[in-house]
Amino acid sequence: MTDDTIESLRIEARRAPTSGIVDTVNYGRLVPGLIPLWVGEGDLPTPAFIAEAATRSLAAGETFYTWQRGVPELRAAIARRMSAIYGRTLSPERFFVTSGGMHAVQIAMRMVAGAGEEVIVPTPAWPNFAGALTVSGATPVEVPMDPSPEGFSLDLAKLEAAITPRTRAIALNSPANPTGWTATRAELGAILEIARARGLWIVADEIYHRFVFDARVREGERAASFHDVRREGDRILFVQTLSKNYAMTGWRIGWLEADPELGQTIENLIQYSSSGTPVFVQRAAVAALDHGEGFVAHQIARAVEGRALVSQALARVPGLTFVPPPGAFYAFFGLPGADAPALARRIVDEARIGLAPGTAFGAGGAGFLRLCFARRAEDLAAAMERLVPVLNAAAAEGERSRPVQVRA
Ligand code: PMP
């Protein structure tokens with residue numbers, strides 16, 4: 001195939017960015033004994049009671065096309081679980097089953113923005129928001145978050161300043177991948193006020209809502225949510241997934257939550273993308289939502305332990321920019337001036353640890369690395385024993401190569 005052949009493709013397809021994590025994963029994939037902390041998933045397999053619900057469904061012959069919005073039993077199960085979590089009655093009519101959170105993101109973006117239009121994305125951010133927008137012809141507009149000794153923060157004045165006549169939506173991920181930044185209820189209220197005043201949509205990705213470690217952003221058993229501040233008629237599309245809470249990343253099931261009035265539009269977009277999520281996968285999701293609270297609690301307890309272990313180890317590296325994250329399950333840390341992709345490769349070579357380079361998450365991630373701590377403590381302890389010396393060496397070299405400050 002020639003360059004011409006690729007040139008002949010639609011520009012949005014050609015422009016779709018390649019994931020910045022893939023480069024490091026390809027580099028280290030076959031390294032023996034490597035501890036992979038680069039992707040956003042834990043090490044636990046899906047619990048047997050969930051998998052068994054899928055096998056029963058297959059055995060019963062549930063192998064046909066199905067409801068585009070999701071089987072009624074699953075929509076009811078989602079509504080029950082979300083009503084309990086958010087402390088308010090949410091109707092099954094609000095929930096639209098998708099083939100993973102990513103599919104929900106893609107549909108949400110397609111609903112609100114297209115060619116010539118912009119969506120604001122605070123960064124560093126999960127790169128798939130920008131990817132989904134680019135593919136639909138829209139332009140992601142980064143609002144860099146500010147790193148500080150207290151962690152990353154979002155300057156709402158900067159967010160507002162990024163709004164143009166072409167802006168259609170704000171994509172807000174809280175708790176955030178990769179920074180762990182988590183909005184307070186007051187911040188969510190203020191962002192919603194901005195969106196209301198400017199007639200913008202909010203795409204609310206709250207998939208890490210159960211992984212919250214800081215009292216300032218906690219609401220009971222979960223992180224603060226747009227559910228806590230929204231009113232009837234607010235333009236909010238919620239993205240959710242079973243991937244993280246129930247160790248189901250490979251199943252590809254999640255949902256979009258929206259005003260029931262949008263139902264037919266969402267159904268159509270599902271029809272023209274996945275044409276529905278397999279019934280047996282949906283049966284597994286019902287089992288997860290109805291009987292998975294014990295497993296979720298177990299995962300949260302492991303994340304609490306993993307976060308403490310990783311944070312204590314990173315504290316042994318002088319010069320590292322790092323604050324234990326208030327939410328999600330990533331440590332996002334920086335070495336000032338470091339070339340993140342090169343450092344990630346060096347860590348593969350010298351420590352046999354897989355980390356994601358911060359550059360994969362937007363301009364603000366330069367010099368940073370992301371480590372996923374949703375993993376058994378023994379692995380994390382071994383990983384940190386190997387990682388800390390390499391980080392210390394890199395920090396010392398960086399310090400030596402920095403220009404000497406001469407006082408005028
Ligand atoms: N949103 C965020 C912020 C994520 O980190 C991810 C997965 N890494 C997703 C959505 C989507 O997850 P999935 O497609 O596996 O449901």
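## A first look around the model

Let's start with Gly-354, which is buried at a relative accessible area of 0%; buried means under 20% relative accessible area, exposed over 50% and partly exposed in between, using a 1.4 Å probe and protein chains only. This is a predicted model, where local features need pLDDT of at least 70, side-chain atom pairs count only at pLDDT 80 or more, and totals for chains, interfaces and linings use all residues. Residues are numbered from 1 along each chain as its sequence is written, and side-chain values use heavy atoms, with hydrogens and water left out.

Gly-354 sits in strand β14 (residues 353–354). Helices (H or I, at least four residues) and strands (E, at least two) are DSSP runs, numbered from the N terminus. What does Gly-354 touch, not counting residues up to four places away in sequence? The list is Leu-34, Ile-35, Pro-36, Leu-37 and Trp-38, where contact means heavy atoms within 4.5 Å. Gly-354 and Leu-34 are 320 residues apart along the chain, yet their C-alpha atoms are separated by 6.8 Å.

Next up is a pair of helices. α4 (48–59) and α11 (residues 279–291) pack at an angle of about 145°, and their axes are 8 Å apart. Those axes are lines fitted to C-alpha atoms, for helices over the stretch in contact, and angles run from 0 to 180 degrees between N-to-C directions. The α4 side brings Phe-49, Ile-50, Ala-53, Ala-54, Ser-57 and Leu-58, and these meet residues of α11 including Val-279, Phe-280 and Arg-283. Sorted by class, this contact has 10 nonpolar, 2 polar and 1 charged residues. For the classes, Ala, Val, Leu, Ile, Met, Phe, Trp, Tyr, Cys and Pro count as nonpolar, Asp, Glu, Lys and Arg as charged, and the others, Gly among them, as polar.

Thr-66 is found in the loop between α4 and α5 (72–86). Is Thr-66 buried or exposed? Thr-66 counts as buried because its relative accessibility is 16%. Beyond its neighbours within four places in sequence, Thr-66 contacts Val-71, Thr-277, Val-279 and Gln-282.

In helix α7 (residues 128–135), the buried residues are Phe-129, Gly-131, Ala-132, Leu-133 and Thr-134. Their cover includes α2 (11–15), α6 (101–112), β3, β4 (139–144), β7 and β8 (201–205). Just past α7, Gly-137 has a positive phi of about 90°.

On a 1 Å grid over the protein atoms alone, a cavity is a set of points where a 1.4 Å probe fits but cannot get out, while a pocket is an open set with protein on both sides within 12 Å along at least five of seven lines; lining residues have an atom within 4 Å of a point. Grid points are joined across faces, edges and corners, and a volume is the space filled by probe spheres set on the points. The whole structure holds 4 cavities of 30 Å³ or more.

| Space | Volume | Lining by class |
|---|---|---|
| Largest cavity | about 70 Å³ | 9 nonpolar, 2 polar and no charged residues |
| Largest pocket | about 590 Å³ | 11 nonpolar, 11 polar and 6 charged residues |

The lining of the largest cavity includes Phe-129, Met-145, Asn-177 and Trp-181, and β3 (118–123) and β7 (167–173) each supply at least two of its residues. The largest pocket has 28 lining residues, and the closest to its centre are Gly-40, Trp-126, Asn-128, Asn-177 and Lys-244. α3 gives the most to the lining of the largest pocket, with 3 residues.
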